[in-house]
Amino acid sequence: MTNQPRQAEDDLGFMKALVHDQGSDTGSFGIIYMSAGALYGLQCLLNSALLSGTIAVADFA
């Protein structure tokens, strides 16, 4: 029973360390994640334009 308060302090310390960690990996991951989302969004817009006929496609057959 005496171990529980110490365990709670250790857990809170770990959570604070996670929140306050400002490593350089976090920023670069955000940039890569945003870039991937922007490219996927562009792909979705182009596909919808192709399917709706807004962009004409040459018939090669």
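A salt bridge is a side-chain nitrogen of Lys or Arg within 4 Å of a carboxyl oxygen of Asp or Glu. The structure discussed here is a predicted model, and by this rule the count comes to two salt bridges. One of them links glutamate 9 to arginine 6, with the closest N and O atoms 3.2 Å apart. Since 3.2 Å is within the 4 Å limit, the pair qualifies. Glutamate 9 and arginine 6 are three residues apart in helix 1, which covers residues 3–20, so about one helical turn separates them.

Arginine 6 also meets the side chain of aspartate 10 in a salt bridge, at 3.6 Å from N to O. These two residues are four apart in helix 1, so they too are separated by about one helical turn. Through shared partners, the salt bridges join Arg6, Glu9 and Asp10 into one network.

How accessible are arginine 6 and aspartate 10? Arginine 6 has a relative accessible area of 49% and is partly exposed. Aspartate 10 is partly exposed as well, at 38% relative accessibility. Both labels follow because partly exposed covers the range between buried, under 20%, and exposed, over 50%.

The structure holds one aromatic pair. Phenylalanine 29 and tyrosine 33 form this pair, which is stacked, with 5.6 Å from centre to centre and 25° between the planes. The label is stacked because planes under 30 degrees apart count that way.

Where do phenylalanine 29 and tyrosine 33 lie? Both are in helix 2, four residues apart, or about one turn of the helix. Phenylalanine 29 has a relative accessible area of 55%, so this residue is exposed. Tyrosine 33, at 60% relative accessibility, also counts as exposed.

## A nonpolar patch on the surface

Which residues form the nonpolar patch on the surface? They are Leu39, Leu42, Leu46, Leu50, Ile55 and Val57, and together they have about 550 Å² of accessible area.

## The chain as a whole

The secondary structure of the protein chain comes to two helices and zero strands. Of its 61 residues, 2% count as buried. The chain exposes about 5800 Å², and carbon and sulfur atoms supply 67% of this area.

Technical notes. Residues are numbered from 1 along each chain as its sequence is written. This is a predicted model: local features need pLDDT of at least 70, side-chain atom pairs count only at pLDDT 80 or more; totals for chains, interfaces and linings use all residues. Side-chain values use heavy atoms; hydrogens and water are left out. Patches are made of residues with over 30% relative accessible area and no salt bridge: like charges are joined within 9 Å, nonpolar side chains (Val, Leu, Ile, Met, Phe, Trp, Tyr) within 5 Å. Accessible areas come from the Shrake-Rupley method with a 1.4 Å probe; for residues, only the protein chains shown count as cover. Rings of Phe, Tyr and Trp (its six-membered ring) pair if their centres lie within 6.5 Å; planes under 30 degrees apart count as stacked, over 60 as edge-to-face and the rest as tilted. Buried means under 20% relative accessible area, exposed over 50%, partly exposed in between (1.4 Å probe, protein chains only).
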